[in-house]
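Please work through the exercises below with the sequence and the structure open beside you, and try each task before reading its solution.

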Amino acid sequence: MLAWIGAELRRLGNTARWSWQGWCAAWAGEKSLRQWVIVNVLSALLAVTLDLTPGERALILALGLLILVAELINTAIEETVDYISTIQDPRAGRAKDCGSAAVAVTAIAGGVAWLVILIG
């Protein structure tokens with residue numbers, strides 16, 4: 001039992017380390033991630049400042065995090081496509097465009113949530 005717990009803790013530590021390495025790599029190379037973090041900080045400050053319900057705050061904060069998730073996935077797609085080939089291929093362009101669209105749709109969802117909350 002103790003061996004199993006130790007192995008699970010090592011796996012958890014490895015997962016945390018690899019996730020942090022991914023975050024740091026994306027932070028260093030992706031200006032758009034840094035911009036979305038700024039937007040998220042401002043959105044979170046507004047969400048905790050305004051008189052919102054806990055559910056409304058949770059929705060705003062969760063959607064903000066989902067924008068960051070979409071940006072990280074988009075970065076992974078772009079890095080993978082660029083690694084596989086430098087040849088211009090319409091499929092590679094579509095893959096990158098779809099990743100970008102995922103970020104945009106997620107950001108729109110966050111904007112819609114803000115509008116609905118603010119307008120009622």
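Buried means under 20% relative accessible area, exposed means over 50%, and partly exposed lies in between. The structure is a predicted model, and every value below was computed from it.

**Exercise 1. Decide whether Ile5 counts as buried, exposed or partly exposed, and state where Ile5 is placed.**

Step 1: Ile5 belongs to helix 1. Step 2: because its relative accessibility is 33%, Ile5 counts as partly exposed. Step 3: Ile5 is also one member of a nonpolar surface patch, in which Met1, Leu2, Trp4, Leu9 and Leu12 take part as well, and the accessible area of the patch together is about 750 Å².

**Exercise 2. Find the aromatic pair and describe its geometry.**

Step 1: one aromatic pair is present in the structure, and Trp23 and Trp27 are the residues that form it, with 6.1 Å from centre to centre and 25° between the planes. Step 2: planes under 30 degrees apart count as stacked, and the pair of Trp23 and Trp27 is accordingly described as stacked. Step 3: both residues lie in helix 1, which covers residues 2-29, and they are four residues apart, about one turn of the helix. Step 4: Trp23 counts as partly exposed because its relative accessibility is 25%, and Trp27 is likewise partly exposed, at 35%.

**Exercise 3. How many disulfides does the structure hold?**

Step 1: a disulfide requires a pair of cysteine sulfur atoms within 2.5 Å. Step 2: the structure holds zero disulfides. Step 3: for the accessibility of two cysteines, Cys24 is partly exposed at 33% relative accessibility, whereas Cys98 is exposed, its relative accessible area being 54%.

**Exercise 4. Is Asn40 buried or exposed, and which residues does Asn40 touch, not counting residues up to four places away in sequence?**

Step 1: Asn40 sits in helix 2, which spans residues 31-49. Step 2: since its relative accessible area is 14%, Asn40 is buried. Step 3: leaving aside residues up to four places away in sequence, Asn40 touches Gly64, Leu65 and Leu68.

**Exercise 5. Locate Thr86, and state how far Thr86 lies from Arg57 in sequence and in space.**

Step 1: Thr86 is in the loop that lies between helix 3 (54-84) and helix 4 (90-119). Step 2: with a relative accessible area of 78%, Thr86 is exposed. Step 3: Thr86 and Arg57 are 29 residues apart in sequence, while their C-alpha atoms are 43 Å apart in space.

Key:
Residues are numbered from 1 along each chain as its sequence is written. This is a predicted model: local features need pLDDT of at least 70, side-chain atom pairs count only at pLDDT 80 or more; totals for chains, interfaces and linings use all residues. Side-chain values use heavy atoms; hydrogens and water are left out. Rings of Phe, Tyr and Trp (its six-membered ring) pair if their centres lie within 6.5 Å; planes under 30 degrees apart count as stacked, over 60 as edge-to-face and the rest as tilted. Helices (H or I, at least four residues) and strands (E, at least two) are DSSP runs, numbered from the N terminus. Buried means under 20% relative accessible area, exposed over 50%, partly exposed in between (1.4 Å probe, protein chains only). Patches are made of residues with over 30% relative accessible area and no salt bridge: like charges are joined within 9 Å, nonpolar side chains (Val, Leu, Ile, Met, Phe, Trp, Tyr) within 5 Å. Accessible areas come from the Shrake-Rupley method with a 1.4 Å probe; for residues, only the protein chains shown count as cover. A salt bridge is a side-chain nitrogen of Lys or Arg within 4 Å of a carboxyl oxygen of Asp or Glu. Contact means heavy atoms within 4.5 Å.
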